[in-house]
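Visitor: I would like to learn how to read a model like this one. Please show me the chain, and then let us take its features in turn.

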Amino acid sequence: MRTVKATAAAVTVALAAGAASVAAGRFASDAALKAPPGRPLPTEPRLTVHATAAGQVALTRALASLRPGTYGLAGDDSHAVVGPVLDSATHSADTVVRRLERVTHGTLEPGDKVWLTPNVHVGDPGTALGLDHADVEVTGELGALPAWFVPGVRGTWVITVHGLGATREHPMNVMEFLHRQQFPVLDLAYRGDPGAPRSPDGLHHLGETEWRELDAAIRYAVRQGAGKVILYGWSTGATMALRAAAHSGLRDRVSGLVLDSPVLSWPTTLRALASARHTPGALLPLAVRAAQGRTGLRGDPTAGTADAAAQLTVPTLILHGPDDTLSPWAPSRHLAAARPDLVTLHPVHRAPHAAMWNADPATYEETLRRFLTPLM
């Protein structure tokens with residue numbers, strides 16, 4: 001009898017431990033599958049505002065606050081734009097002084113908790129950039145998807161799509177540049193975004209299903225007179241662009257791809273997000289399995305690169321760098337090496353995920369101009 005009771009107790013403990021592990025894996029997978037749009041990803045550290053002065057802001061000294069370039073500086077109720085570190089300013093041992101370009105809304109006060117974001121602009125193309133635009137709706141499989149359309153005279157449209165933790169405000173970083181090149185621009189929101197339908201399961205599928213909304217955007221553009229389209233995506237938006245270029249019924253209308261920080265190995269990205277939420281290393285494989293079970297994603301970390309290399313048919317520009325800890329750039333290098341006939345890889349150093357433009361806007365836009373010119 002004692003043996004039976006001991007065995008039953010051991011089984012109960014094992015089942016409880018197994019259930020706890022499954023729950024922990026499920027929770028860890030939420031870091032990617034439930035990343036809220038417009039909120040910082042767990043990989044982005046919170047900083048403290050130490051002081052402000054005319055054209056300056058002092059922030060907590062950290063690798064993030066020392067990044068070169070131009071960034072949004074977001075708080076819970078504020079948004080500002082900061083430029084480079086001011087070497088001529090007086091820095092204390094625990095602070096970094098950056099140029100304060102403008103405060104878009106709210107205020108910056110000492111003690112405020114903020115984070116750097118690639119989103120330099122807030123609002124819409126009219127309020128943020130002074131560009132004429134129209135609010136349009138693209139009919140997707142789940143319902144109406146809001147989008148901004150900025151007109152241009154060319155017959156080739158650029159369709160932009162953001163990635164993890166961002167909204168359609170992110171592509172406004174390059175919208176003025178694209179407008180100067182006279183491209184019509186369609187900036188798409190997709191499932192889970194503000195104003196767009198939710199995914200039936202409430203989860204982000206890291207581009208695996210969301211690409212069909214980019215397919216709907218291609219169809220919309222063609223109906224409105226686009227002869228060709230260039231798909232321009234960031235992060236999982238770049239994954240969506242690759243999927244749409246390979247599987248859309250109108251893929252013959254796609255003349256080029258621009259991929260900023262593409263997620264080509266979703267298990268690696270999921271592990272990075274889960275680790276940033278302090279998930280123990282032993283539970284990371286459970287997080288990957290939980291994501292597979294919840295979404296149907298494939299677990300092969302090399303599948304994305306292999307599939308993309310095999311299916312590419314159009315010129316592709318990849319903008320990525322070795323400091324992206326969320327979506328490592330090795331798969332981007334492998335893709336470029338596998339298809340040198342079509343892929344141009346532009347490395348960007350000291351830039352976090354989806355912030356290749358922010359690190360050096362002028363060089364980024366010149367690279368983009370050279371790539372797009374033959375596709376005009």
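Visitor: Is Gly-256 buried or exposed?

Guide: Before that, a note on the source: this is a predicted model, in which local features need pLDDT of at least 70, side-chain atom pairs count only at pLDDT 80 or more, and totals for chains, interfaces and linings use all residues. Residues are numbered from 1 along each chain as its sequence is written, and side-chain values use heavy atoms, with hydrogens and water left out. Buried means under 20% relative accessible area, exposed over 50%, and partly exposed in between, with a 1.4 Å probe and protein chains only. Gly-256 has 0% relative accessibility, so it counts as buried.

Visitor: Where is Gly-256 placed, and which residues is it in contact with?

Guide: Helices (H or I, at least four residues) and strands (E, at least two) are DSSP runs, numbered from the N terminus. Gly-256 is placed in strand β12. Contact means heavy atoms within 4.5 Å. Leaving aside neighbours within four places in sequence, Gly-256 is in contact with Val-229, Ile-230, Leu-231, Val-314, Pro-315 and Leu-375. With Val-314 there is also a C-alpha to C-alpha figure: 5.3 Å in space, against 58 residues in sequence.

Visitor: How many helices and strands does the protein have?

Guide: There are 11 helices and 14 strands. For overall size, the radius of gyration is taken over C-alpha atoms, and the globule rule is 2.2 Å times the number of residues to the power 0.38. Here the radius is 22 Å, close to the 21 Å that the rule gives for 376 residues, so the protein is as compact as a globular protein of that length. The C-alpha trace spans about 85 × 55 × 40 Å along its principal axes.

Visitor: What percentage of the residues count as buried, and what is the accessible surface of the protein?

Guide: Of the 376 residues, 54% count as buried. Accessible areas come from the Shrake-Rupley method with a 1.4 Å probe, and for residues only the protein chains shown count as cover. The accessible surface of the protein comes to about 15,600 Å², and 55% of that belongs to carbon and sulfur atoms. As for contacts with a separation of 6 or more, 75% of them are between residues 24 or more positions apart.

Visitor: What does a phi value tell me at Ser-235 and Ser-261?

Guide: Most residues other than glycine have a negative phi. Ser-235 has a positive phi of about 55 degrees although it is not a glycine. Ser-235 lies in the loop between β11 (228–234) and α5 (236–247), and is buried, with a relative accessible area of 1%. Ser-261 also has a positive phi of about 55 degrees. The loop that holds Ser-261 runs between β12 (254–260) and α6 (266–276), and the relative accessible area of Ser-261 is 0%, so this residue is buried.

Visitor: Which residues are buried in α6, and what follows that helix?

Guide: An α-helix has 3.6 residues a turn, so residues three or four places apart point the same way. In α6 the buried residues are Trp-266, Pro-267, Thr-269, Leu-270, Ala-272, Leu-273 and Ala-274. His-278 follows α6, with a positive phi near 65 degrees.

Visitor: Where is Ser-327 placed, and what does its side chain reach?

Guide: Ser-327 is in the loop between β13 (316–320) and α9 (330–338), and at 2% relative accessibility it counts as buried. A polar contact is a pair of N or O atoms within 3.5 Å; within protein, one must be able to donate a hydrogen and the other to accept it, and residues adjacent in sequence count only if both atoms are side-chain atoms. The side chain of Ser-327 reaches the backbone oxygen of Pro-262 at 2.7 Å. Not counting residues up to four places away in sequence, Ser-327 touches Ser-261, Thr-269, His-320 and His-353, among others.

Visitor: Which residues does Asn-119 touch?

Guide: Beyond residues up to four places away in sequence, Asn-119 touches Gly-72, His-79, Ala-166, Thr-167, Glu-169, His-170 and Asn-173. Asn-119 is in the loop between β6 (113–117) and α2 (125–129), and is buried at 11% relative accessibility.
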